[in-house]
Amino acid sequence: MGLKELLNTSKKHGSKSLESKRKDALATLEQTGFPTKSHEEWRFTNVSTIVNKDFRLDKEPRIKKLEIEKLDEYKFDANIVVVYNGTYAKELSKIHEKNDKIFIGSFADAIASGHEKVFEGHFGKYANDKADGFTALNTSMINSGLLLYVPKNAVIEKPVVIINFIEESDKDIFANHRNLIVVETGGKADVSEVFYANSKHSSFSNTVTEIFLGENAELHHNKIQNEGAEAYHIGTTQVEQRNHSRFYSMVVSWGGSLLRNNLNSVINGEGIDCYFRGFYLVKGKQLIDNHTLADHAKPNSHSNEFYKGLLDEEGTGIFNGKIMVRQDAQKTNAYQTNTNILLSNDATINSKPQLEIFADDVKCSHGATTGQINPDEVFYLRSRGISESEAKKLLLSAYVHEIIDEVANEELKELLIKRLEKKLG
Amino acid sequence: MLIIKGLKAEVEGKEILKGIDLEVKKGEVHAIMGPNGSGKSTLASVLAGREGYEVTDGEVIYNGKNLLDIEAEERAREGIFLAFQYPIEIPGVSTTNFMKTSINEIRKHNGLEPMKAQEFMKRLREKAALVELDVEMTKRYVNVGFSGGEKKRNEIFQMAMLEPKLGILDETDSGLDIDALKIVANGVNKLRSNDNAFVVITHYQRLLEYIVPDFVHVLYNGRLVKSGDKNLALKLEEVGYDWIKESIGA
């Protein structure tokens, strides 16, 4: 049974428009199919393993005690949302938010509690089902879904951490995650999506997050990929930004077998700030692919991208960062940097910065570097009594810190730093 | 403390040190002077254990141990400190963190527990004052965005923090204005004791007005061709290195 056959097995929802969107997505998927290596945007990432594998939905997830213990790491002073094998686990989630105008919960609960208008107004408006088969698959397979709604001038006091677990099971689990984050004019939120997959079997997370940022809205958005060695992950984060909004994205990927992240922001207004930051660590035969697009549609906005990679053993990294400056987007400032450190002779990085500029009065720059740990730096540390292995660890840790230190959620940052030390140890 | 016998070394197949003999005892300060390309920095690098230098002959005995058999970090833990001619910038690592790691690695080597935070901070403040370094600077990334003078001062600060037995200063005076030179020299003078020794490598006599050496050696074309006291440095300043070339018949 392949992915397509799965489609008939997914649940139905109450919303009429959602049902019709699912039907359309299914038709789109049948038309386009899944991307192959002959697609320019998928040149280095072969998804045939995913498409041909016998993934199954966990239709009646039973949460075991083990998983609950794993949550202990997240005793954060935060709103914790737990998603288990692709389904929102309300009983494990802890929502502290007092402001009853703010909503955090499943699509069905959102519709039932009077947020239908918000849902209808934004759902499926940004992510493009025609972009690749996986987005269409995601739309057609929507399970519980999650809506995070911050109305005008509201602020979510505590960060939101969505923990997506895929757990031990007797089958290859398919988890379809769909999130919609709407921050209206002047609203503020800090949202993290964290992924775990601990099954000895394969698992596949197909994730789409749509984000709308109204005027002067601010969102810190972190995506942390901690999946185990047998996990596949294809994800799209699609953002729509309006005037003076601020978007801070952080993508940390250090797990999984094959991970692909699409991060696209349509900078659809003036005075916008858009930050894409990321770090990836590949080992073994892992492949991590980050495709980003800063799409400047209007004048006087700013985007800044900084991704770093560490590539070890026979791992492969792909960075494809595109800056699009459309004809109307005069006075755009857009910057992009990608640096990589190769730790082994068998590791590979394909780094491709792309600028497409159709306006004439803009400031844009991009740069990509790939190198090794600087031997002069190692010797300097050794000459002060620090062992070679400790020196390298210190230097690599410093290299990664420059990215991770930008995480605004302090508790999450601490956890990431702890995990980083382990990874480099 | 340090005995160098017939030391020869190559860099990329080219012989740079052609037989060096030198003995440094506790409490002494030796200056090694010489024109560009004479092998001064190579000597410093070989002593510190930098890779890329191949010792082809001779030996170096440090406190009874064959120094050339020991890794660079091990030498540092045994009390050798090289103040770099071109200090390295380490983005992402603060000087404080660097020194804490360093001191604790050295202490571990000597069978000691890590230094207590309070004691470390006390030493940090004291030693920063010694080289007139703003303590705030130690919170910054190592040498990143520092001026040439600040980098050199940071080297002497690190030396003060680690309290080595043998300090090797590789052209620490180059690129320093007179005020910075005095600060650096003053720092070294305060560190001098009967238990440690210094090898000061320099092109110019100027530094030696402030760090007064017990011995001055002239390194020329890979050999120590002349030795004397501080007056030798003065004479070199006066008549230049051509005098050496003539006097050895080069």
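Helix 1 (residues 40-48) of chain B lies across strand 3, strand 6, strand 9 (166-170), strand 10 and strand 11 (215-220) of chain B, and runs at about 145 degrees to strand 9 of chain B; helices (H or I, at least four residues) and strands (E, at least two) are DSSP runs numbered from the N terminus, and angles run from 0 to 180 degrees between the N-to-C directions of axes, which are lines fitted to C-alpha atoms, for helices over the stretch in contact. The model is a predicted one, in which local features need pLDDT of at least 70 and side-chain atom pairs count only at pLDDT 80 or more, whereas totals for chains, interfaces and linings use all residues. Residues are numbered from 1 along each chain as its sequence is written, and chains are lettered from A and ligands numbered from 1 in the order in which they are written.

Helix 7 (residues 230-239) of chain B also packs on the sheet, where it touches strand 3, strand 11 and strand 12 of chain B, its direction making about 45 degrees with that of strand 11 of chain B. The sheet of chain B is open and mixed in its pairing, with six strands in the order 6-9-10-3-11-12; two strands pair if DSSP finds at least two bridges between them. Strand 6 (80-83) and strand 12 (223-228) of chain B are the edge strands, each pairing on one side only, and neighbouring strands of this sheet are turned against each other by 20 degrees on average, direction ignored. Within the sheet, strand 3 (residues 29-33) and strand 10 (residues 197-202) of chain B pair in the parallel sense over five bridges, and B:His30 stands opposite B:Val199 in strand 10 of chain B.

In chain A, the domain assignment, which is automatic or taken from a database, gives domain 1 (3-268) and domain 2 (376-425). The centres of these two domains of chain A, taken over C-alpha atoms, are separated by 31 Å, and 14 residues of domain 1 of chain A are in contact (C-beta atoms, placed from the backbone, within 7 Å) with ten residues of domain 2 of chain A. On the side of domain 1 of chain A that touches domain 2, strand 12 of chain A gives the most, with three residues.

The axes of helix 9 (residues 388-404) and helix 10 (residues 410-424) of chain A come within 10 Å and cross at roughly 150 degrees. Helix 9 and helix 10 of chain A are therefore roughly antiparallel to each other, a term that applies to angles over 145 degrees. Among the residues that meet there are A:Leu396 and A:Val400 in helix 9 of chain A and A:Leu416 and A:Leu420 in helix 10 of chain A.

Technical notes: Two residues are in contact if their C-beta atoms, placed from the backbone, lie within 7 Å. Angles under 35 degrees count as roughly parallel, over 145 as roughly antiparallel, 65 to 115 as roughly perpendicular and the rest as oblique.
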